[in-house]
Amino acid sequence: MKQHYFEFMKRVDIPEDAKEYLTESYDKLDENDIKETVDYLYNNNCSVKSTLELRKAIADKTGVHLYTVNFVFLVCASERMLAGFRERNIDDEIFWDTIMDLQYKLYECKKVHGVWGNFVENWYDIFYKLDIVKLGRLEYERMVYPDNLPEVEVDGFTVKPGDTVYSTHIPSAGKFSKDLREDSYARAKEFFKAERGGKPVVLFCESWLMNPDHLKIFPETMNIVEFQKEWKVYKYEPDGKYHDCWRTFSVDYDGDPDKLPQETGMQKCIVKWLKDGNVMGAGYAVKKL
């Protein structure tokens, strides 16, 4: 477990002071406590939420921030995930690319809460259940198309409740150019084609990035607008409280757009949209590969 943790730390691209902090934090923890928590995770259907009290107890015992305990625990738990990838003959590099999601969330935790750690730990159940892989720029989660969503036709194929689709996630991992997206789509089509048995690989995306209002909010040349045009958006849900605010602004929204930072072009566009009396929201989209 320790060897796996420090192998991850060798691979992760973070400042030296962050590595020092996360190394010192690991050394403050009792490895038996971490192992017990990992065992509990895998004995409870990989439910990270089920381990909350154990993680809180570790934080209270050591004085290490809970978000940092979350990070250490999540990295250590991924050792069995690696074993699962190997059992399925999935290349180790795909594992390391997939688990680097912890790096992206590490940076987000520092930006939003000022702590090197992880505050969205319950997102990781699907990682330990081996239901998600990162292929190039995008992450793909195997899932069943939900009963509460309508049938939708895409390029001659009808997606129905109960069908297998691949929920597509866009981690905050830097450049998001068209060539990177197309490379990832091609990898996904190749990776999943065997398990589809001749049926098409259909991607599904429920995200703030699929808000159809983006065509009004942002210039057409922005990558997120071009990305959306590659999909069929078929459902929209407005969100007057803007719960996804932290993803773009690294702060929660209190209803006052004047308090939001305006350091990037994207931020400026969203603030203008909100100040004009509009709301943000999320869309649902599909894409056939």
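These legends describe close-up views of a predicted model.

**View 1. A negative surface patch that includes residues of helix α2.**
The patch is formed by E16, D17, E20, E24, D27 and E31. Helix α2 spans residues 16-28 and gives the most to this patch, with five residues. E16 has its place in helix α2. The relative accessibility of E16 is 60%, so this residue counts as exposed, the cut-off for exposed being over 50%.

**View 2. The aromatic pair F176 and F227.**
The structure holds 23 aromatic pairs. In the pair shown here, the ring centres of F176 and F227 are 5.0 Å apart and the ring planes stand at 65 degrees, so the pair is edge-to-face. F176 and F227 are both buried.

**View 3. The aromatic pair F204 and Y284.**
The centres of the F204 and Y284 rings lie 6.3 Å apart, and the planes are at 45 degrees, so this pair is tilted. F204 belongs to strand β6 (residues 202-207) and Y284 to strand β8 (residues 280-288), so the pair ties together parts that are 80 residues apart in sequence. F204 has a relative accessible area of 2% and is buried. Y284 also counts as buried, at 7% relative accessibility.

**View 4. An aromatic cluster.**
Y5, F6, F8, Y26 and F71 are linked into a cluster by ring pairs.

**View 5. The salt bridge between E121 and R55.**
A search of the whole structure finds 28 salt bridges. In the one between E121 and R55, the closest N and O atoms are 3.5 Å apart. This pair links distant parts of the chain, 66 residues apart: E121 is in the loop between α7 (101-113) and α8 (125-128), whereas R55 is in helix α4 (residues 52-62). E121 has a relative accessible area of 12% and is buried. R55 is buried too, with a relative accessible area of 1%. Both values fall under the 20% cut-off for buried.

**View 6. The salt bridge between D101 and K105 in helix α7.**
D101 and K105 form a salt bridge whose closest N and O atoms are 3.3 Å apart. Both residues lie in helix α7, where they are four residues apart, about one turn of the helix. D101 is buried, its relative accessible area being 0%. K105, with a relative accessible area of 10%, is buried as well.

**View 7. The salt bridge between D213 and K216.**
The closest N and O atoms of D213 and K216 are 3.6 Å apart in this salt bridge. D213 counts as buried at 14% relative accessibility, whereas K216 counts as exposed at 61%.

**View 8. A network of salt bridges.**
Salt bridges link K178, R181, E182, E226 and E230 in a network.

Conventions
Residues numbered from 1 in each chain as written. Predicted model: local features only at pLDDT ≥ 70, side-chain atom pairs only at ≥ 80, totals over all residues. Heavy atoms only, no water. Patch = residues over 30% accessible without salt bridge, like charges linked within 9 Å, V, L, I, M, F, W, Y side chains within 5 Å. Areas by Shrake-Rupley, 256 points an atom, 1.4 Å probe, with all protein chains shown as cover. Salt bridge = Lys/Arg side-chain N within 4 Å of Asp/Glu carboxyl O. Lys, Arg positive; Asp, Glu negative; His and termini not counted. Charge placed at Lys NZ, Arg CZ, Asp CG, Glu CD. Helix = DSSP H or I, 4+ residues; strand = E, 2+ residues; numbered from the N terminus. Buried < 20%, exposed > 50% of the residue type's maximum accessible area, 1.4 Å probe, protein only. Phe/Tyr/Trp six-rings, centres within 6.5 Å; stacked < 30°, edge-to-face > 60°.
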